[in-house]
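Keep the 3D view open as you read.

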Amino acid sequence: MAIIAWLRDPNPASRRQARLGQAYLGWLRLRRNPLAMAGLVIIGLLLVLAAFAPWLAPHDPIAQNLQNRLMPPGTPGHLLGTDDFGRDILTRILYGARITLSVIALVAVTAPLLGLIIGTVSGYFGGWVDGVLMRITDIFLAFPRLILALALVAVLGPGIENAVLAIALTAWPPYARVARAETLTVRNSDYIAAVRLQGAGSVRVIWGHIMPMCLPSVIIRVTLDMAGVILIAAGLGFLGLGAQPPLSEWGLMISAGRKYLFEQWWVATMPGLAIFIVSLGFNLLGDGLRDVLDPRSAGK
Amino acid sequence: MALIEIENLSVTFTAQGRQVRAVENVSLSVEARESYGLVGESGSGKSTILRAICGLAPVSGGTIRIGGAPVQRDKAFSRRVQMVFQDPYASLHPRHTLDRTLSEPLAIHGIGDADARVVQALRDVGLPTSFRFRYPHQLSGGQRQRVAIARALMLEPEILLLDEPTSALDASVQAEVLNLLARLRAERGLTFLMVSHDLAVIDHMCDRVLVMQHGRAVEELARDDLAGARMKTDYARSLFAASADRMLTSS
């Protein structure tokens, strides 16, 4: 209890206490939002499942057993059934969570960061810098994302790492647009003028003063895009340019199950459900995170 | 030699091919440790002069000299000249704590001992040191303006540009902030260049005042002339008449 009082102290004595106190208040704000907590629980559970997949999974994810192919869910020993090579679907979903989550994590960090940097630089400097960067953004936006990612993977060679790179390189333009719009609204404000008057360089102004104002709207976009990222990764896998068989990636599993969709629906549906649940978790969490990141909502 | 010398300053804004001359051929000079006022109605170009000194407005003609040398907006300039903005609700970063806001100038200029300096700065402007880790939204307007003043003084400048520092505040808080500014000026030997549309505020704070209208200088008055209502131009007289009753009550 003493530690809670220390965290909630309205007049913290040190920078560290103030920061931890803010984090605690953020946690309280998040906890008040039941939907965001549901999202957090889903993501947390998934992380645990992915981390302990080798111990939790009942079978080997790539061991084939053609006698047991296409068994329906509920078959003894195969809770979610088996696929067309007789591999246990539950096992493959658990192992697939590792790949899918690492793809999401890498894309969710790199693409928004790239977009933020390009958008804020473009909005802050304006003029020809803005012109050049925004035309590049336009070019990227003009292509359908999947086609552009395909072209990149075709150049870089198939594989999960190159798929991540391709997705990140095609996902940043919307973030750049959002960040630029936010930058334009704050760059002429007095607090930016004040810090420039104190002799701050452009890097300090953009990184320390403009980016924090752009972050909330970018985070919202990221969480909304997560489902799309999973699907693009799946699409690349389906076309043989992402994760390679026999690796168990969710998108790959869906495309493999497509052939049997009408007779053996579970082969494609089970990984589809997994994607649905993860997307839902990210969307719920993202909405709650926006509230946490805004210190002004503390009093509400 | 005067500390701030402005000669024939013109500022022209260009928007959508249309040119607006916000300031035309204004000259003024401010002695060291003097408090100089700029007064006029909205749109008379008084704030634009301050922004032009800071490089925030496009100068189209004339010269600005500080300490005899033409201004260069480098780090040395920011240690010499600082500004307090009109609206304390817009001039503090909403996502930064007061601690961050006040220690930022120290970090930029590589000045050490930030903790002690921030605490001292809060004390100097009459804020409790327990406010140090608060956000601007947790403060009132008057408290925010005190923070803005503290921030402007972090680099220990000799010149403070004040852009209507009290017009966004209510009357009782206005007086507190003005008294704080007067005290800090006396303690630190600051030079003020202060903009206001309110002659009562100027009368309280300034040794000399320049009356402006439509971007041009109308008349320069010493404090005695202002108090004795000895104006030469009709415009200055009408401006005086508008705030005369409050000046009498305040003095």
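Predicted model: local features only at pLDDT ≥ 70, side-chain atom pairs only at ≥ 80, totals over all residues.

Helix α4 covers residues 114–124 of chain B, and its buried residues are B:Val118, B:Ala121 and B:Leu122. Why do they sit on the same side of α4(B)? It's because they cover an arc of only 100° around the axis.

Now turn to the face of α4(B) that points away from the buried side: here you'll find the exposed residues B:Ala116 and B:Arg123. Just after α4(B) comes B:Gly126, with a positive phi of about 75°.

## A helix under cover

Next up is helix α1 of chain B, residues 46–53, which is mostly covered: 8 of its 8 residues are buried. Among them are B:Lys46 and B:Arg51, along with B:Ile49, B:Leu50 and B:Ile53. After α1(B) you meet B:Gly55, and its phi is positive too, near 80°.

Which residues have the most contacts inside the largest nonpolar core? They are B:Ala150, B:Leu161, B:Leu193 and B:Val211, in a core of 73 residues. Helix α5 of chain B (residues 141–153) gives the most to this core, with 6 residues.

Setting aside neighbours within four places in sequence, B:Leu193 is in contact with B:Ile4, B:Val30, B:Tyr36, B:Leu50, B:Ile159 and B:Leu161. One of those, B:Leu50, is also on the list of buried residues of α1(B). There's a second, separate core as well: it has 63 residues, including A:Ala97, A:Val218, A:Met226 and A:Ile275.

## What the record says about chain A

Over in chain A, an unreviewed UniProt entry places "transmembrane region" features at residues 35–57, 99–125, 146–171, 222–244 and 264–286. Let's look at two of these spans. Residues 99–125 of chain A are 100% helix and 0% strand, with end C-alpha atoms 39 Å apart. For residues 146–171 of chain A, the end C-alpha atoms lie 10 Å apart, and the span is 88% helix and 0% strand.

The unreviewed UniProt entry also puts a "domain: ABC transmembrane type-1" feature at residues 97–286 of chain A. Across that stretch of chain A, the make-up is 83% helix and 0% strand, and the end C-alpha atoms are 20 Å apart.

## A closer look at one alanine

Find A:Ala243, in the loop between α10 and α11 (250–257) of chain A. Buried or exposed: how does A:Ala243 count? A:Ala243 has 26 C-beta neighbours inside 10 Å, so it counts as buried.

Leaving out neighbours within four places in sequence, the contacts of A:Ala243 are A:Ile99, A:Ile160, A:Gly237, A:Glu249 and A:Leu252. A:Ala163 is 80 residues away from A:Ala243 along the chain, yet their C-alpha atoms are separated by 7.9 Å.

## Where the chains meet

How many residues of each chain are in contact with the other? On chain A there are 20, and on chain B 26. In chain A, α2 (15–32), α9 (190–197) and α10 (202–238) each supply at least two residues of the side that touches chain B. The largest share, 6 residues, comes from α9(A). By type, that side of chain A splits into 11 nonpolar, 5 polar and 4 charged residues.

For the complex, the predictor gives an ipTM of 0.89 and a pTM of 0.85. Chain B has a mean pLDDT of 88, and 98% of its residues reach 70 or more.

Key. Residues numbered from 1 in each chain as written. Chains lettered and ligands numbered in written order. Contact = placed C-beta atoms within 7 Å. Helix = DSSP H or I, 4+ residues; strand = E, 2+ residues; numbered from the N terminus. Nonpolar A, V, L, I, M, F, W, Y, C, P; charged D, E, K, R; others polar. UniProt positions renumbered as here; feature names shortened; annotations may be inferred. Core = buried A, V, L, I, M, F, W, Y, C linked by C-beta atoms within 7 Å. Buried ≥ 20, exposed ≤ 12 C-beta atoms within 10 Å, placed from the backbone. pLDDT = per-residue confidence, 0-100. Arc of directions from axis to C-beta.
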